[in-house]
Amino acid sequence: MSIRMMAAVALVHLLGAFVGITPSANAAENVRYPNVVLPGSNIEPTTLRAEIYRPPGSGPFPAIIVLHGCGGHDAHHKLWAERLVSWGYVAVVMDSFSSRGFGDICKNTTTVTPEMRVSDIYGAVEYLRKLPFITKDRIGLLGFSHGAWTIMKAVQVKYQLKLFGVRAAVAYYPYCNPKLDDKIDVSLLVLIGENDDWTPAPLCRELQAALSKVAPVEMVFYPGAYHAFDRSQGVVEVSGWSVGGGLKKHKMGRNPNAAEDSFKRTREYFARMLDKSSL
């Protein structure tokens with residue numbers, strides 16, 4: 001049964017009842033694949049563009065799907081892909097925006113919605129599960145800002161991603177919605193700055209308090225860190241959508257201590273959740 005059919009069956013049933021980087025030995029491969037439009041969705045079919053980075057050898061390897069932020073796919077995500085490869089993973093960097101004819105959407109973040117990007121995740125999973133060098137039941141998600149917001153939706157029980165081999169997700173500075181994001185069933189690590197004024201940390205703390213004690217969620221809050229603390233650029237102010245509505249200036253940029261700690265935690269988390277022991 002294909003992932004499309006499995007997704008349909010699962011959803012109908014549910015609704016019914018260390019830190020250094022070693023560059024990849026292989027250059028990125030540009031690929032295309034369709035998203036998966038789930039039952040009852042009004043999302044348009046889309047052919048996704050993505051880059052696949054892989055370690056040397058024939059594998060099979062666990063895979064991690066990388067979801068970019070509202071600024072679109074850039075050098076930051078390539079750097080992360082190389083980092084993941086150095087840790088022994090295949091990395092798939094999806095381009096959810098240019099595939100739909102968009103660039104930077106930071107001033108209108110619902111131009112491409114998280115739900116649209118969840119359909120992209122399904123497409124990536126379906127594509128990966130057909131590749132001989134992928135360990136099909138060891139797939140992770142890694143998202144930043146808008147991509148992390150997408151992860152907060154994708155890990156909800158209604159999407160049943162565990163059925164398709166998605167075992168873990170790491171969300172860097174996501175937008176947390178305490179009222180809508182509390183049905184999490186995929187193991188999740190949230191990393192966010194205490195001083196984030198774009199995707200406010202207090203919302204994630206509120207969500208954390210609302211979760212059941214058995215929810216598979218870990219959250220780390222970094223004192224003094226702003227949005228995008230893992231990027232190489234220093235702190236700057238940028239204009240973008242605000243949780244309170246309208247456009248505002250937000251601080252974003254590197255916090256060395258938070259960045260280094262987050263890399264270590266992310267590596268250890270994926271190793272633990274995707275059954276890798278070589279730390």
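**A helix and its aromatic neighbours**

Modeller: At the start of α2, a side-chain oxygen of Asp 74 comes to within 3.0 Å of the backbone nitrogen of His 76, where a polar contact is a pair of N or O atoms within 3.5 Å, one able to donate a hydrogen and the other to accept it, and residues adjacent in sequence count only if both atoms are side-chain atoms. This is a predicted model, in which local features need pLDDT of at least 70 and side-chain atom pairs count only at pLDDT 80 or more, while totals for chains, interfaces and linings use all residues. Residues are numbered from 1 along each chain as its sequence is written, and side-chain values use heavy atoms, with hydrogens and water left out.

Helix α2, residues 75-86, spans 17 Å from its first C-alpha to its last, close to the 16 Å expected at 1.5 Å a residue, the expected span being 1.5 Å times one less than the number of residues; helices are DSSP runs (H or I, at least four residues) and strands likewise (E, at least two), numbered from the N terminus. Among its buried residues are Trp 80 and Arg 83, and Trp 80 counts as buried because its relative accessibility is 0%, the limit being under 20% (1.4 Å probe, protein chains only).

The charged end of Arg 83 sits over the ring of Trp 80, 4.5 Å from its centre, and also over the ring of Phe 263, at 3.9 Å; this requires CZ of Arg within 6 Å of the ring centre and within 35 degrees of the ring normal. After α2 comes Gly 88, whose phi is positive, near 100°.

Key: Buried < 20%, exposed > 50% of the residue type's maximum accessible area, 1.4 Å probe, protein only.
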